[in-house]
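Reader: I am new to this structure and would like to know what the terms used for it rest on. Please set each value against its definition.

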Amino acid sequence: MAYKIISTAWDLAEKVGLSGKSFLSVSELSKEQLLALFELARALEPIGRSSANFLNGKVMATFFYEPSTRTRLSTETAMRRLGGSVITEATPLLSSSAAKEESLHDTLRVLSKYADIIALRHSDYDLAMDAARTAAEVPVINCGFGNREHPTQGLLDIYTIWRMFGNLENVTVLVAAADMSRGRSGHSMAMGLAKFGAKIILASPKDLPTPREVVDILISSGGQVEEVFDCTTDMMTDLIAKADFVYLPGCRVPKGTDAREEFRKRNQPYYISLEQLEKARKNGHMTYVMHSLPRFAGEFDENIDKTEHELYFKQVQFGVFARMALILSMIGV
Ligand code: CP
C-alpha cells in the first residue's frame, strides 16, 4: 500500500510540471496542471496524518512578514508530513535582520543558501513578486503577497470543491465581501475556477471592487464573470439562491487598522445567515459556504458551522493535502 502511494505520487508529481519552479500565482497554472496537482493531493491524503520519506534531507524556510495561523502552520505541516524539515521566522520585523533594514531581496538570497524551498508572506505585492523572481535561488511559494493574491489558499479552495463535488466546470460561485479590493484569497480562488469556465459573481461595494487586473485575468482565463455592486440583503439572498458556493475572503488586514474598521462597518449587507441558505434550500437549491478564515464575530452566521452548508473547516484539512502536493511537485521531482 505504502509503496503504491509513493510510486503513484512520484509519477503525478512529475506530471504537474512545477519541478524547480516558484508558485507565485494560480493564473500561471494550466487547467491540466491544476488537475494533476489535485490527483496528487488525493493520492497523498492517506499519509496526511502520518508521514513518508519523500523529502528526507530537504529543508523549507518559512518567512512570514504578516501574521498567520493556517498558511504558515499548514505549509510547515505539509513539509514535515513529506519527510522534510523546516526553519521558520514568524516575526521577521521583530526578530530577523529585517529589523536592521535588510532588504527582502538580500533576505531571499541568503535563505536560498540554507533552504531548498522558501514559503514567503509579505505585505507588498510588487516587491515580493520582484524579489521572488530575481533574488531567490530556490523555488518560492507565494503564501499571500499584498492585497492581490494568495495562491496556495486559492489552490486549497478549488481542491476542496473538486474533492467534495468532483466537478469544476459547471460551478457558480458568489465571491462576496465588504472590501474586494483586498480580498486576495477570493482573487486566487477565482483565478483557478476561471480556468474551468466557472461562473463567478463578484459582489462588493462599488468603491472597494475587485481590482481591474484581477477581473481581466478571470475573463481572459475563460471565467464567466459578473460584477454586482452595493448589494442589499435582499440582493444577496437572490444571489445566494443562484450560487453553488458562497466564498467569503474575509478581512485580511489586522485589528486596529482603518481598513478593518471600514470592513466591519460595511459588512452588514454581506452577512450570510442560515435563514438565507435555508430559504434557497426549500426551493431545491443547496448552497455551500466557504471562507478562507480567520473570521470575526458577527461576520457571518456561526450557526452555519454545524450544518451541511459549512465547508470552511473542511478547507483547512484539505489545505494540508493541497500544500503537500504543491511542495512535492516543486522540489521532490
Ligand atoms: N487563510 C489564511 O491565510 O489564514 P492565515 O492568515 O491564518 O494564514
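Author: A salt bridge is a side-chain nitrogen of Lys or Arg within 4 Å of a carboxyl oxygen of Asp or Glu. This is a predicted model, in which local features need pLDDT of at least 70 and side-chain atom pairs count only at pLDDT 80 or more, while totals for chains, interfaces and linings use all residues. Residues are numbered from 1 along each chain as its sequence is written, and side-chain values use heavy atoms, with hydrogens and water left out.

Reader: What makes the pair glutamate 28 and arginine 133 a salt bridge?

Author: The N to O distance between the side chains of glutamate 28 and arginine 133 is 3.6 Å. The rule asks for within 4 Å, so the pair counts. Glutamate 28 sits in the loop between α1 (2–16) and α2 (31–44), and arginine 133 in helix α6 (residues 125–134), so the pair links distant parts of the chain, 105 residues apart. The helices (H or I, at least four residues) and strands (E, at least two) are DSSP runs, numbered from the N terminus.

Reader: How many salt bridges does this rule count?

Author: The count comes to 20 salt bridges.

Reader: Which domains does the chain have, and where do their bounds come from?

Author: The bounds come from an automatic or database domain assignment. That assignment gives domain 1 (2–150 + 319–331) and domain 2 (151–316). The contact between them (heavy atoms within 4.5 Å) takes 35 residues from domain 1 and 32 residues from domain 2. Their C-alpha centres lie 25 Å apart.

Reader: What does buried area mean for domain 1 and domain 2?

Author: Buried area is the accessible area (1.4 Å probe) that two parts lose on being put together, summed over both. For domain 1 and domain 2 this comes to about 2900 Å², 62% of it on carbon and sulfur atoms. The rule also finds 4 salt bridges across their interface.

Reader: What makes a space a cavity and not a pocket?

Author: On a 1 Å grid over the protein atoms alone, a cavity is a set of points where a 1.4 Å probe fits but cannot get out. A pocket is an open set with protein on both sides within 12 Å along at least five of seven lines. Lining residues have an atom within 4 Å of a point. Grid points are joined across faces, edges and corners, and a volume is the space filled by probe spheres set on the points.

Reader: How many cavities does a search of the whole structure find?

Author: The search finds 2 cavities of 30 Å³ or more.

Reader: What lines the largest cavity?

Author: Its lining residues include Arg70, Gln153, His291, Tyr312 and Arg323. Helices α3 (70–81), α7 (151–165) and α13 (312–331) each supply at least two residues of this lining, and α13 gives the most, with 5 residues. Domain 1 and domain 2 each provide at least three residues of the lining.

Reader: How are the residues of that lining classed?

Author: Ala, Val, Leu, Ile, Met, Phe, Trp, Tyr, Cys and Pro count as nonpolar, Asp, Glu, Lys and Arg as charged, and the others, Gly among them, as polar. By that scheme the lining of the largest cavity has 4 nonpolar, 6 polar and 2 charged residues. The lining of the second largest cavity, which includes Phe263 and Glu299, has 5 nonpolar, 2 polar and 1 charged.

Reader: Why is the largest pocket said to lie between the domains?

Author: Both domain 1 and domain 2 give residues to its lining, so the largest pocket lies between them. Its volume is about 510 Å³. The lining has 26 residues, with Pro67, Arg121, Arg252, Leu293 and Pro294 nearest the centre. By class they divide into 8 nonpolar, 10 polar and 8 charged.
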